[in-house]
Amino acid sequence: MSDTVGHEAEQDSAALNALLAKMPSVERVIASVTAQPLIALFGRTQVLAAIRATLDGWRRGTQAGTLSVAADDTGQFAPERVLDDVSRLLDAQAQSRLRPVFNLTGTVLHTNLGRAILPDEAVRAVVQALTQPVNLEFDLATGKRGDRDDLIDGLICELTGAEAATVVNNNAAAVLLSLSALATRKEVIVSRGELVEIGGAFRIPDIMARAGARLREVGTTNRTHLKDYESAINARTALLMKVHCSNYAISGFTKSVELAELVPLARTHGLPVAVDLGSGTLTDLTQWGLPAEPTVHATIEAGADLVTFSGDKLLGGPQAGLIVGRKELIARIKKHPLKRALRVGKLTLAALEPVLKLYQAPEFLGERLTTLRLLARPATQMHEAATRASPVLQRALGEAYTVGVEPMFSQIGSGALPVDVLPSYGLVVRHAGKGGSGRALMKLERALRALPRPVIGRIADDALRLDLRCVEATDEAAFIAQLPELRL
Ligand SMILES: *Cc1c(COP(=O)(O)O)cnc(C)c1O
């Protein structure tokens, strides 16, 4: 018995060696005519590496008995057949890892999908700043060295009513820098009801610790009174701080101190009030039927000495953190060494300026500011788009799934209240068969993510939901056209 097994094993390994011997050499493959266009496109170095990787894969497949490629009529593996795989590999490697997707999650400002989509004006300005030298820190009037904030602070002050402004990498940086410049080794008084955590590990107590400031918590989770702030003030107090509770709400027996109440107390003690607004919109959103959010202007008007907010949330611009307020405070912030580490690049400034300029013509804002246009889209538009896409998706999915057009609610996202406020429409896909619905929906979700431009939806209540709010008319044809390519 054991003899036979040994004999068979010997035969197998002889066959295997014969098969491996039929693989062409790397030199033969790269010398082939078919390889030349690939070399012209990707360069010899990358093509060689891809040939080696492909042949290694084939050899491993042969040994494991899993290679699906068969030798040709002459019993050889032709170099051209190898190059088919090489070409696919090179194409896959050339594809950018950062790819456009369709955001059908229903969350307009989706942090994981890059938040605000920028208007064309901003795109053009970024391309210009990328391809030509710009006066980033150069004063064209005097020919002397300039300050990059000068490009934009006038505009920010005009729109917010603040005395001075500066811009950093994001709002987390804005808060960290402000606290570092104004409150290191001092105390900052914050209500316990406002010690928020924003997604992605931004927590007020942690930022406070990083800035070397001592957090002085006052009040309770649900109720904080003016007298709580008052009795916490002492010789070490640097700031009174309010944080906008962007992503949650406490209801019931609650009390918080309004900014307008806090300001007189701070004034009496000669202390500044800082407000972290989070989203911090520059305009009253209720004109477009959106929920009320405190504007930066109103916050400054109510007496805040310093306000920090994001550039890529409701403002609709690039990732940035804006700091506005009293001249003297902004000057101290700009002098802090962290400012240099947290400053924005020219691309951010290039994108931010045209977005801010849109706010100077509020009549057109709802149409030209992409974020606002998406948030304010009438549900009828999404209904019509869903009606057009539905039969195409149904055909692509076959009988295993049923596709319907249904009303749903979109969310603003990025720290705006996660309540259902934006009526929308979309495609709702349910598993048609009995049982196994969860797995079938996950399979569908995966297939949508595998499309050339991945489609990101969400599974809820035993259905896959595709909210069409963020597929505008210019994108709709591309969205529908790739649906037949779905592979389940
Ligand atoms: C979103 C948010 C931040 C963080 O802003 P980023 O721009 O994401 O860094 C900080 N504070 C509040 C209240 C926020 O809503």
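The model is predicted: local features need pLDDT of at least 70, side-chain atom pairs count only at pLDDT 80 or more, and totals for chains, interfaces and linings use all residues. Residues are numbered from 1 along each chain as its sequence is written, and side-chain values use heavy atoms, without hydrogens and water.

**The sheet.** An open, mixed sheet has 7 strands in the order S2-S10-S9-S8-S7-S3-S6. Strands (E, at least two residues) and helices (H or I, at least four) are DSSP runs, numbered from the N terminus. Two strands pair if DSSP finds at least two bridges between them. Strands S2 and S6 stand at the edges with a single partner strand each, so one side of each lacks a neighbour in the sheet. S3 and S7 run parallel, joined by 4 bridges. Ile 189 has Leu 240 in S7 as its bridge partner.

**The helices.** Contact means heavy atoms within 4.5 Å. Angles run from 0 to 180 degrees between N-to-C directions, with axes fitted to C-alpha atoms, for helices over the stretch in contact.

| Helix | Strands | Angle |
|---|---|---|
| H7 | S2, S9, S10 | about 115° with S2 |
| H8 | S2, S3, S7, S8, S9, S10 | about 155° to S9 |

**The cavity.** On a 1 Å grid over the protein atoms alone, a cavity is a set of points where a 1.4 Å probe fits but cannot get out; lining residues have an atom within 4 Å of a point. The search finds 1 cavity of 30 Å³ or more. The largest cavity has a volume of about 60 Å³, the space filled by probe spheres set on the points, which are joined across faces, edges and corners. Its lining includes Val 175, Met 241 and Asp 276. H8, S7, S8 and S9 each give two or more residues to this lining.

Key. 1 Å grid on protein atoms, 1.4 Å probe; cavity = no way out; pocket = protein on both sides within 12 Å on 5 of 7 lines; lining within 4 Å.
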